Amino acid sequence: MADLLVRLYDLPPLAPAVEALGAAGIAVRRAAAAERGSVVEWVRAHGSPGWASECEAAFGRLPLACFVAIESDGAGGKLIGVACYEATCRNFFGPELVDPDRRGRGVGRALLLAALHAMRAEGYAYAIIGWAASVDFYQRAVGAVVIDGSERGIYPATLLR
């Protein structure tokens, strides 16, 4: 897997993506500190221990660097997606995870845009999507480009197995 580069000064607008999901009963917002345990455990259960550790790191900075997608279920809401940034390194986006049953609805795109717009607001001109598994998705969603020679990335392979 390779790293990708995204021009934050040329992002698609966030509002239409969030509004479309809102009309379908899905809210995308920055996570709250009190949600840390629930969000991290959801990522561990649906993703991996490494992603859960990165998600925890995103909760350790201010402003919190984690966005969540919550689907209304009548009794409150159900977590269906997460996107973090500055969890692995400065200026890195990820991890991002959407419930497999909710994919294809724009949830991942809205989470991606929310996090990248936050990074732009914090002063970054570019973002790195580390070790992207869905290169085509990121290319379509935000015009990401592959960084040549980045296949190994920054991750210590011996510790992530």
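Visitor: Before we start, what does buried mean here?
Guide: Buried means under 20% relative accessible area, exposed means over 50%, and partly exposed lies in between, with a 1.4 Å probe and protein chains only.

Visitor: So is Ser 150 buried or exposed?
Guide: Ser 150 is buried, at a relative accessible area of 8%. This is a predicted model, where local features need pLDDT of at least 70, side-chain atom pairs count only at pLDDT 80 or more, and totals for chains, interfaces and linings use all residues. Residues are numbered from 1 along each chain as its sequence is written, and side-chain values use heavy atoms, with hydrogens and water left out.

Visitor: Where is Ser 150 found?
Guide: Ser 150 sits in the segment after strand 7 (145-146). Helices (H or I, at least four residues) and strands (E, at least two) are DSSP runs, numbered from the N terminus.

Visitor: Leaving aside neighbours within four places in sequence, what is Ser 150 in contact with?
Guide: With those neighbours left aside, Ser 150 is in contact with Met 1, Ala 2 and Asp 3. Contact means heavy atoms within 4.5 Å.

Visitor: Sheet next. What is the strand order?
Guide: The order is 2-3-4-5-6-1-7, in an open sheet of seven strands with mixed pairing. Two strands pair if DSSP finds at least two bridges between them.

Visitor: Which are the edge strands?
Guide: Strand 2 (26-30) and strand 7 are the edges, each pairing on one side only.

Visitor: And what joins strand 1 to strand 6?
Guide: Five bridges do, and the two strands run antiparallel. There, Leu 5 has Ile 128 in strand 6 as its bridge partner. Strand 1 also runs antiparallel to strand 7, joined by two bridges. On that side, Leu 4 is partnered by Val 146.

Visitor: How many bridges join strand 4 to strand 5?
Guide: Four bridges join strand 4 (residues 78-85) to strand 5 (residues 92-98), again antiparallel. Gly 81 stands opposite Val 98 in strand 5.

Visitor: Switching to helix 2. Which residues are buried there?
Guide: In helix 2 (residues 36-46), the buried residues are Val 39, Val 40, Trp 42 and Val 43. Seen down the helix axis, they fall within an arc of 160 degrees, so they line one face. The arc is that of the directions from the helix axis to the C-beta atoms.

Visitor: What do they pack against?
Guide: The buried residues of helix 2 pack against helix 3 (49-59), strand 3 (66-71), strand 4 and strand 5. The face turned away from the buried side carries the exposed residues Ser 38 and Ala 45.

Visitor: Which salt bridge has Arg 44 in it?
Guide: Arg 44 meets Glu 41 in a salt bridge at 3.4 Å, N to O. A salt bridge is a side-chain nitrogen of Lys or Arg within 4 Å of a carboxyl oxygen of Asp or Glu. Arg 44 and Glu 41 are three residues apart in helix 2, so they are separated by about one helical turn. Arg 44 is partly exposed at 34% relative accessibility, and Glu 41 is partly exposed at 44%.

Visitor: How many salt bridges are found in the whole structure?
Guide: Nine. One of them joins Glu 71 and Arg 105, with the closest N and O atoms 3.0 Å apart. That pair links distant parts of the chain: Glu 71 is in strand 3, Arg 105 is in the loop between strand 5 and helix 4 (107-121), and they are 34 residues apart. Glu 71 is buried at 14% relative accessibility, while Arg 105 is partly exposed at 45%. Salt bridges that share partners also join Arg 61, Glu 86, Arg 90 and Glu 122 into one network.

Visitor: Last one. How many aromatic pairs are there?
Guide: Three in the whole structure. Tyr 9 and Tyr 126 form an edge-to-face pair, 5.4 Å centre to centre with 90 degrees between the planes. Rings of Phe, Tyr and Trp (its six-membered ring) pair if their centres lie within 6.5 Å; planes under 30 degrees apart count as stacked, over 60 as edge-to-face and the rest as tilted. Elsewhere, Phe 93, Phe 137 and Tyr 138 form one aromatic cluster.
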